[in-house]
Amino acid sequence: MPLFQSDVDDHALRQKILERRPARKLIGIIFTPRSGSSWLTEVLSQDRRFGKPQEWFNPNFLPEIADRLGAKDPKDYVDLLRRQHHTQGVFSFEATLYQIDKVFKSRSDFLGAFDGMPIEWYYLTRQDIVLQAVSLAKAVNTGVFHAPGQSVEDRALADQSFDYNPRDISKWLGHIAKLEQRAEDFFAANQISPLRIRYEEIMAAGVAPVLDLFAAKRWAGAAAPQSAETPQDTQPFDTQHKKIGSSKNLELATRFREENQEAVDK
């Protein structure tokens, strides 16, 4: 399916969007899957100081968004997004390097689509890559990713139906590692020094310290926690994204480490 297929010659919304001013500030969040990106999107979007950092460049979502905006190509798409989807003059996005490489001919074209405007970069990863791979394998196999709108029973059923499969976990472990390498290559090639944040840190810190982090672009006095399994969250609002991880995830991750030490070391 083509990513861009709108009839731009007859698109009323497109013309209205082009009359609006584009965002004055840009925030880019590069992430790896199962690192808390959906939770972070919700938190930042509700605050409104930091744009709406959706996965605007996810090929699974992009064709529908591009068609609605009337975008004719990637650069035109970015221009329309910056005019239509900003809050208080800030446009933000979350993306993996896989998504960027699928949408743009080159990473230079990706950066060029922002007309040379400086981007405030963040890099969201997960320290425990084995537990991350287990979480990704579980999400892909059960179809339960971040659980908004799904009941406790649905999440429990997904947990029960997820069986230990070391080949599957190993596959996703390699996938995550490759995405991390792509991100590091991207940063190095473009002299980008992102603020690096971890899933474990944001989950344990909670909403208020994370908002402070983005407001000051630093950890505003909040110490990075040691564990993501016991978050101490003092949230000013309720988030819809609930963790689908469980003690079973931890058990499977421990078993995988014990049985695949060489792969884990690599």
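I take a polar contact as a pair of N or O atoms within 3.5 Å; within protein, one must be able to donate a hydrogen and the other to accept it, and residues adjacent in sequence count only if both atoms are side-chain atoms.

**Ground rules**

I am working on a predicted model, where local features need pLDDT of at least 70 and side-chain atom pairs count only at pLDDT 80 or more, while totals for chains, interfaces and linings use all residues. I number residues from 1 along each chain as its sequence is written, and side-chain values use heavy atoms, with hydrogens and water left out.

**Entry 1: Thr87**

I looked up the loop between helix 4 (74-84) and strand 2, where Thr87 lies. Helices (H or I, at least four residues) and strands (E, at least two) are DSSP runs, numbered from the N terminus. A polar atom of the Thr87 side chain lies 3.1 Å from the backbone nitrogen of Gly51. I then listed contacts, meaning heavy atoms within 4.5 Å. With neighbours within four places in sequence left aside, Thr87 touches Arg48, Phe50, Gly51 and Lys52.

Is Thr87 buried or exposed? I call a residue buried under 20% relative accessible area, exposed over 50% and partly exposed in between (1.4 Å probe, protein chains only). Thr87 has a relative accessible area of 2%, so I note it as buried.

**Entry 2: two positive phi values**

Arg48, one of the contacts of Thr87, sits in the loop between helix 2 (37-47) and helix 3 (62-69). Its phi is positive, about 75 degrees, although Arg48 is not a glycine. At a relative accessible area of 44%, Arg48 is partly exposed.

Gln191 also has a positive phi, near 50 degrees, and is a residue other than glycine. I found Gln191 in the loop between helix 9 and strand 4. Gln191 is exposed, with a relative accessible area of 67%.

I traced an open sheet of four strands, in the order 2-1-3-4, with parallel pairing. The edges are strand 2 (90-95) and strand 4 (195-198), each pairing on one side only. On average, neighbouring strands here are turned by 20 degrees against each other, direction ignored. I count two strands as paired if DSSP finds at least two bridges between them. Strand 1 (residues 25-31) and strand 2 run parallel and are joined by six bridges. Which residue of strand 2 is the bridge partner of Leu26? I read off Phe91.

Helix 9 (residues 166-189) lies across strand 1, strand 3 (119-125) and strand 4, and runs at about 155 degrees to strand 3. For such angles, axes are lines fitted to C-alpha atoms, for helices over the stretch in contact, and the values run from 0 to 180 degrees between N-to-C directions.

**Entry 3: helix 7**

I checked the length of helix 7 (residues 129-142). Its 14 residues should span 20 Å at 1.5 Å a residue, and the end C-alpha atoms are 20 Å apart, so the two agree. The expected span is 1.5 Å times one less than the number of residues.

Ten of the 14 residues are buried, so I note helix 7 as mostly covered. Among them are Val130, Gln132, Ser135 and Lys138. At the N-terminal end, Asp128 is the cap, with a side-chain oxygen 3.3 Å from the backbone nitrogen of Val130. Just after helix 7, Gly143 has a positive phi of about 80 degrees.

**Entry 4: totals**

I recorded 13 helices and four strands for the protein. Of its 266 residues, 47% count as buried.
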